[in-house]
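The reader may wish to keep the structure in view throughout.

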Amino acid sequence: MDWSQVPQLIWENAYLGIVPALLGLVIAVPLGIVCVRWKWFYPPVLTATSILYAIPSLALFIVLIPYTGLTDTTVVIPLTLFSLCVLVPNVVDGLRSVPEPVRQAATAMGFGTLRRLVQVELPVAVPIVIAGLRVAMVSSISLASVGQLIGVSSLGYLIVDGYQRDFLTEILVGGGLIIALALICDLLLVLVRRLLTPWRPRRSRQELPEVVAEPVPALAGGAQ
Amino acid sequence: MRFLSYAWDWLKEPAQWHGPGGIPIRILEQLYYTGLSLLIAALIAIPLGILIGHTGRGAALVVNLANAWRAIPTLGLLVLLAVTLGFSPLAWLIPLVVLGIPPILVNTYEGVAGVEPEFKDAARGMGMTSWQQVRKVEVPVAMPLIILGLRTGAIFVVATATIAAYIGLGGLGRYIIDGLATDNYGEVAGGAALVVLLALAVQVAFVGVRRLAVPAGLRQQARQT
């Protein structure tokens with residue numbers, strides 16, 4: 001098999017996985033802050049994300065083809081939306097996890113609303129937000145390969161090409177590299193979380209990956 | 001909305017609605033693949049989740065599985081089995097079941113493990129055996145999360161079944177894959193629109209399942225929080 005194209009494919013797959021997760025984060029943080037501040041805004045957002053999350057990625061790629069063509073954007077937009085669906089509940093849960101005494105202490109020290117948000121509430125929310133970011137990034141890296149079906153290049157190329165040529169090794173290399181890429185990015189995010197939250201104990205139960213609730217509650221009534 | 005006009009132009013053709021490759025047959029196929037895979041996944045994942053949640057043994061495994069399985073590339077798994085197993089129903093059934101299991105397992109485990117100790121103590125105090133405890137207390141209390149797991153599993157199974165058209169499976173994904181192969185965007189858009197509608201219908205169906213399966217006492221509680 002032709003190894004010379006592999007670095008390029010890894011790069012493309014990494015781009016299609018990491019960019020949507022980070023874009024999702026950039027949108028989810030302000031959206032989550034708004035949802036925490038104005039509580040009535042959260043249920044409709046949750047319903048919208050749960051509906052969006054149910055749509056298969058391949059169908060969403062196709063919806064976008066008339067607007068963005070067969071480009072990276074056609075894959076990046078749906079994966080960003082999926083990331084958003086995972087991240088918004090985590091940002092909200094993270095901000096809500098700030099203990100009331102901590103909030104009050106910050107206010108008593110003379111912090112205004114904005115400074116309290118940036119210096120106290122968001123840092124406390126970091127572990128839960130990063131747990132969501134890990135899910136978003138791993139999912140995006142793995143789903144990016146589906147874009148190969150509409151011709152957007154990624155490590156999925158090795159899978160599709162291997163299938164067409166009935167070449168098992170190429171399929172295994174493609175799939176293996178996707179899993180490896182996803183796990184490396186996941187590991188990097190764990191390191192980022194450790195750097196951002198040095199106050200957390202290093203070796204403890206909390207070192208286990210945090211289970212992230214699926215963003216599919218209230219579709220029509222019956223909050224979780 | 002150019003997408004919708006493409007999809008509509010294709011969908012309104014009567015030719016699309018008849019014959020073995022017609023839309024009604026494709027919808028039934030898709031529901032069959034999804035339903036069968038989800039059923040098998042549930043039969044494996046729910047008892048296992050209850051067992052692990054009840055005994056606490058193997059919990060670390062489940063917690064680690066909770067995120068790691070998302071790294072599995074759907075397309076890769078499908079193609080891998082298609083190449084190794086050839087034209088066997090197992091080639092699509094295995095990936096669909098494998099991708100359906102983790103969300104059901106993790107949510108069932110979370111639900112059962114998260115039952116308040118007071119409930120379990122009360123059940124034991126009333127003289128319930130371990131099996132009665134599981135059946136009458138832990139499973140009903142965990143029901144909202146078990147259903148959430150099934151719903152999430154359904155999302156992944158529907159999506160995977162669509163992609164499985166690439167390895168020759170029927171269902172709505174056929175229109176997408178065939179349309180892409182022949183540069184017929186109308187067919188691709190029509191297929192995608194049907195997939196979206198079907199995925200949403202499955203989710204709505206789960207709202208109904210939830211109403212039926214969650215005990216009345218818990219529904220009340222959920223509304224208050």
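Within chain B, helix α2(B) passes α5(B) in a right-handed crossing. The two helices, spanning residues 23-55 and residues 90-113 of chain B, pack at an angle of about 35°, and their axes lie 7 Å apart. The residues that form this contact comprise 21 nonpolar and 7 polar ones, with no charged residue among them.

B:V106 has its place in helix α5 of chain B. B:V106 counts as buried because 27 other C-beta atoms lie within 10 Å, where the threshold for burial is 20 or more. B:V106 and B:A165 are 59 residues apart along the chain, and their C-alpha atoms are separated by 28 Å.

A contrasting case is B:F119, which is found in helix α6 of chain B, residues 117-125. Here 14 other C-beta atoms lie within 10 Å, so B:F119 is partly exposed. Residues up to four places away in sequence being set aside, B:F119 touches B:V137 and B:V141. Between B:F119 and B:T55 there are 64 residues of separation in sequence and 16 Å in space, taken from C-alpha to C-alpha.

The buried residues of α8(B) are B:G173, B:R174, B:Y175, B:I176, B:I177, B:G179 and B:L180. They pack against α2, α7 and α9 (185-213) of chain B, and also against α3 of chain A. After α8(B) comes B:D183, which has a positive phi, near 55°.

Taken as a whole, chain B has 10 helices and 0 strands. Its C-alpha atoms fill a box of roughly 65 × 40 × 30 Å along the principal axes. Of the 225 residues in chain B, 49% are buried. Among its contacts between residues at least 6 apart in sequence, 74% join residues at least 24 apart.

For contacts in chain A with a separation of 6 or more, 75% are between residues 24 or more positions apart.

Attention now turns to the place where the chains meet. The contact takes 44 residues from chain A and 47 residues from chain B. On the side of chain A that touches chain B, the elements giving two or more residues are α2 (42-53), α3 (57-68), α6 (113-144), α7 (156-164) and α8 (168-196) of chain A. The element that gives the most to this side is α8(A), with 8 residues. By residue class, the side of chain A that touches chain B divides into 31 nonpolar, 10 polar and 3 charged residues.

The nonpolar interior may be considered next. In soluble globular proteins, nonpolar side chains tend to be buried together. The largest nonpolar core in this model has 129 residues, and those with the most contacts inside it are A:I62, B:L78 and B:A192. Helix α7 of chain B, residues 130-163, gives the most to this core, with 18 residues. For B:L78, the contacts beyond its neighbours within four places in sequence are with B:W92, B:P95, B:I163, B:A164, B:Y166 and B:I167.

It remains to consider the confidence of the prediction. The predictor gives the complex an ipTM of 0.89 and a pTM of 0.89. Chain B has a mean pLDDT of 91, and 97% of its residues reach 70 or more. Chain A has a mean pLDDT of 89, and 90% of its residues reach 70 or more. Over residues 216-224 of chain A the pLDDT is below 50, and this stretch has 27 contacts in the model beyond near neighbours in sequence.

Methods
Residues are numbered from 1 along each chain as its sequence is written. Chains are lettered from A and ligands numbered from 1 in the order in which they are written. This is a predicted model: local features need pLDDT of at least 70, side-chain atom pairs count only at pLDDT 80 or more; totals for chains, interfaces and linings use all residues. A nonpolar core is a set of buried Ala, Val, Leu, Ile, Met, Phe, Trp, Tyr and Cys residues joined through C-beta atoms within 7 Å. A residue is buried if 20 or more other C-beta atoms lie within 10 Å of its own, exposed if 12 or fewer, and partly exposed in between; C-beta atoms are placed from the backbone. Helices (H or I, at least four residues) and strands (E, at least two) are DSSP runs, numbered from the N terminus. Two residues are in contact if their C-beta atoms, placed from the backbone, lie within 7 Å. Ala, Val, Leu, Ile, Met, Phe, Trp, Tyr, Cys and Pro count as nonpolar, Asp, Glu, Lys and Arg as charged, and the others, Gly among them, as polar. Axes are lines fitted to C-alpha atoms, for helices over the stretch in contact, and angles run from 0 to 180 degrees between N-to-C directions. A crossing is left-handed if the near helix is turned anticlockwise from the far one by less than a right angle, and right-handed if clockwise. pLDDT is the predictor's confidence in each residue, from 0 to 100.
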